[in-house]
Amino acid sequence: MLKDGYTYMHEHMRLDLSGVKKDQDCNLDCYDETLEEIKELFSMGIKNIVEVTNIGMERDISYINRLGEKSGMNFIVSTGFYKEPFLPEYVYEKNEKELAQIMISEIEKGIDNTGVKAGIIGEIGTSNNEIKDSELKIFKAASIAHLETGKPITTHTTLGTMGKEQIKIFREYGVDLNKVIIGHTDLTGDEGYIEDLINKGVYVEIDTIGKIKYLSDEKRLDIVNKLCSKGYSERMVLSMDITRKSHMKKFGGIGYTYLMNYFIPELLKMNVKNNDIENMLRYNPLKIFGE
């Protein structure tokens, strides 16, 4: 499933959350600008992107296919449902087994008659400091779909909260925690909390790199450096979670390449080992996808 090379584990190429957020900046629909950046990423050794836009987030498989064809990038696309208040109405009406069946169908048969099969379940999310009933149902459905298909699960934690509670749900359902990525853990700003998540058996994602509105990159670098020094690079993956037009270079943002142009060089200056970088960008994604 993965090409030989580095992998960004949590990105969006096309999504639209503008209806709920009442902000057109959240409508990421700039194909030409995205293609230009993805081509540059590919030339830097990023060969795979896990595209975590799912049902209800305006996922567009044909859009992603065109980007892949024009850039050479390998995209792994997702199934599942996000979090409140971004859920389709039928999520509230169906039970977890019915929702699981939708995910299983997209994994085994393909998405929207495109023939493209989902390679991961997610991003499934929880709210800030709570798990709403609909979100709990989605986590149960994702667990059922995982048990049926063996596909990995990638999550959204709002501001890094509820990671331990997410793991508890997965454990109750017998999910293989080696196939679970807890997202946005850097937003906790808490090295000890992230270490505790890793010790519970999951992978953690440092995936809001460059979003200094929430946390300084100096703090992110410090956290990653300390965790790597403790031998935890074998359980960490990296990404940027670009979600807005204003994140793109052409519109004044840092763009998708910031991780490679800035964050990785800064880690190396801090004496993070090359092997740690290889773990986070190359080997851990391969392990997660069973390759």
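Reader: Is the crossing of helix 8 and helix 9 left-handed or right-handed?
Author: This is a predicted model, in which local features need pLDDT of at least 70, side-chain atom pairs count only at pLDDT 80 or more, and totals for chains, interfaces and linings use all residues. Residues are numbered from 1 along each chain as its sequence is written, and side-chain values use heavy atoms, without hydrogens or water. Helices are DSSP runs (H or I, at least four residues) numbered from the N terminus; a crossing is left-handed if the near helix is turned anticlockwise from the far one by less than a right angle, and right-handed if clockwise. For helix 8 and helix 9 the crossing is right-handed.

Reader: How are helix 8 and helix 9 oriented to each other?
Author: Axes are lines fitted to C-alpha atoms over the stretch in contact, with angles from 0 to 180 degrees between N-to-C directions. The axes of helix 8 (residues 191-199) and helix 9 (residues 217-229) come within 10 Å and cross at roughly 45 degrees. Angles under 35 degrees count as roughly parallel, over 145 as roughly antiparallel, 65 to 115 as roughly perpendicular and the rest as oblique. The two helices are therefore oblique.

Reader: Which residues of helix 9 meet helix 8?
Author: Contact means heavy atoms within 4.5 Å. Helix 8 contributes E191, I194 and E195, and these meet, in helix 9, I223, K226 and L227.

Reader: At what angle do helix 9 and helix 10 pack?
Author: Helix 9 passes helix 10 (residues 258-269) with the axes 10 Å apart, in a right-handed crossing. Their packing angle is about 55 degrees.

Reader: How many disulfides does a search of the whole structure find?
Author: A disulfide is a covalent bond between the sulfur atoms of two cysteines, counted here when the pair is within 2.5 Å. The sulfur of C26 is 12 Å from the closest cysteine sulfur, that of C30, which is too far for a bond. The number found is 0.

Reader: Is C26 buried or exposed?
Author: Buried means under 20% relative accessible area, exposed over 50%, and partly exposed in between (1.4 Å probe, protein chains only). C30, at 5%, is buried. C26 has 3% relative accessibility, so it counts as buried.

Reader: How far apart in space are V91 and I138?
Author: V91 lies in helix 4 (residues 90-93) and is buried, at 0% relative accessible area. Beyond four places in sequence, V91 contacts F81, L99, K137 and I138. V91 and I138 are 47 residues apart in sequence, and their C-alpha to C-alpha distance is 8.2 Å.
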